[in-house]
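This briefing is meant to be read alongside the sequence and the coordinates. Please keep both in view while going through the points below.

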Amino acid sequence: TSLQEGQKIIALDIPLLIETGADKLCDVVLLTECSDVVQRRRALERPAMTEEKLEGILRRQLKTEQRLKKATHVVRTDVPIEQTKRQIDAILRALES
């Protein structure tokens, strides 16, 4: 998929985009992915997050393999932030060409 002249990119940050079926409304689905260990650590660092809440969130999510099948692009986020930014920049350049 690439942009046609005059088209704009609109980014939606929807954690359960695929699970709700809203991905069908999107031309491109960029999935951010990190290891289970990193995901768990980051989530538990959030204010008011508990193990129980996290388990409930994880139960509502599709398995990684299922989400990867629906994604048009995957960005690894368990790398240094500059590397993540470079991944996103590369995807945006590809969409613009």
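The pLDDT is the predictor's confidence in each residue, on a scale from 0 to 100. The model shown here is a predicted one, and the mean pLDDT of the protein is 92, with 99% of its residues reaching 70 or more. The protein contains four helices and two strands, which follow one another from the N terminus in the order β-α-α-α-β-α.

**Confidence by element**

- Helix α3, residues 64-70, is where confidence is lowest, at a mean of 92, whereas strand β2, residues 73-76, is where confidence is highest, at 96.

**Overall dimensions and contacts**

- The C-alpha trace of the protein spans about 50 × 30 × 25 Å when taken along its principal axes.
- The protein has 97 residues, of which 22% count as buried.
- Among the contacts in the protein with a separation of 6 or more, 63% are accounted for by residues 24 or more positions apart.

**Packing of α1 and α2**

- Helix α1, covering residues 36-44, packs with helix α2, covering residues 51-60, at an angle of about 130°, and the axes of the two helices are 10 Å apart.
- Because of this angle, α1 is oblique to α2, given that the roughly perpendicular class runs from 65 to 115 degrees and the roughly antiparallel class begins over 145.
- The crossing in which α1 passes α2 is right-handed.
- On the α1 side the contact is made by Q39, R40, A43 and L44, and on the α2 side by E51, L54, E55 and L58.
- Sorted by class, the residues in the contact of α1 with α2 are four nonpolar, one polar and three charged.

**The loop between α1 and α2**

- A48 is placed in the loop between α1 and α2, and A48 has a positive phi of about 70° although it is not a glycine.
- As background to that value, most residues other than glycine have a negative phi.
- A48 has a relative accessible area of 59% and is therefore exposed, the cut-off for that class being over 50%.

**I57 in helix α2**

- I57 belongs to helix α2, and because its relative accessible area is 25%, I57 is classed as partly exposed.
- Between I57 and P15 there are 42 residues of sequence separation, while the C-alpha to C-alpha distance of this pair is 10 Å.

**L30 in strand β1**

- L30 is found in strand β1, and with a relative accessibility of 36% L30 therefore counts as partly exposed.
- Once its neighbours within four places in sequence are left aside, L30 is in contact with H73, V75 and I91.
- L30 and L68 are 38 residues apart along the chain, and their C-alpha atoms are separated by 9.6 Å.

**L12 in the segment before β1**

- L12 lies in the segment that comes before β1, the strand of residues 30-33.
- L12 counts as exposed because its relative accessibility is 56%.
- The C-alpha atoms of L12 and C26 are separated by 9.3 Å, and these two residues are 14 residues apart along the chain.

Note on methods
Residues are numbered from 1 along each chain as its sequence is written. This is a predicted model: local features need pLDDT of at least 70, side-chain atom pairs count only at pLDDT 80 or more; totals for chains, interfaces and linings use all residues. Side-chain values use heavy atoms; hydrogens and water are left out. Axes are lines fitted to C-alpha atoms, for helices over the stretch in contact, and angles run from 0 to 180 degrees between N-to-C directions. Angles under 35 degrees count as roughly parallel, over 145 as roughly antiparallel, 65 to 115 as roughly perpendicular and the rest as oblique. A crossing is left-handed if the near helix is turned anticlockwise from the far one by less than a right angle, and right-handed if clockwise. Contact means heavy atoms within 4.5 Å. Ala, Val, Leu, Ile, Met, Phe, Trp, Tyr, Cys and Pro count as nonpolar, Asp, Glu, Lys and Arg as charged, and the others, Gly among them, as polar. Buried means under 20% relative accessible area, exposed over 50%, partly exposed in between (1.4 Å probe, protein chains only).
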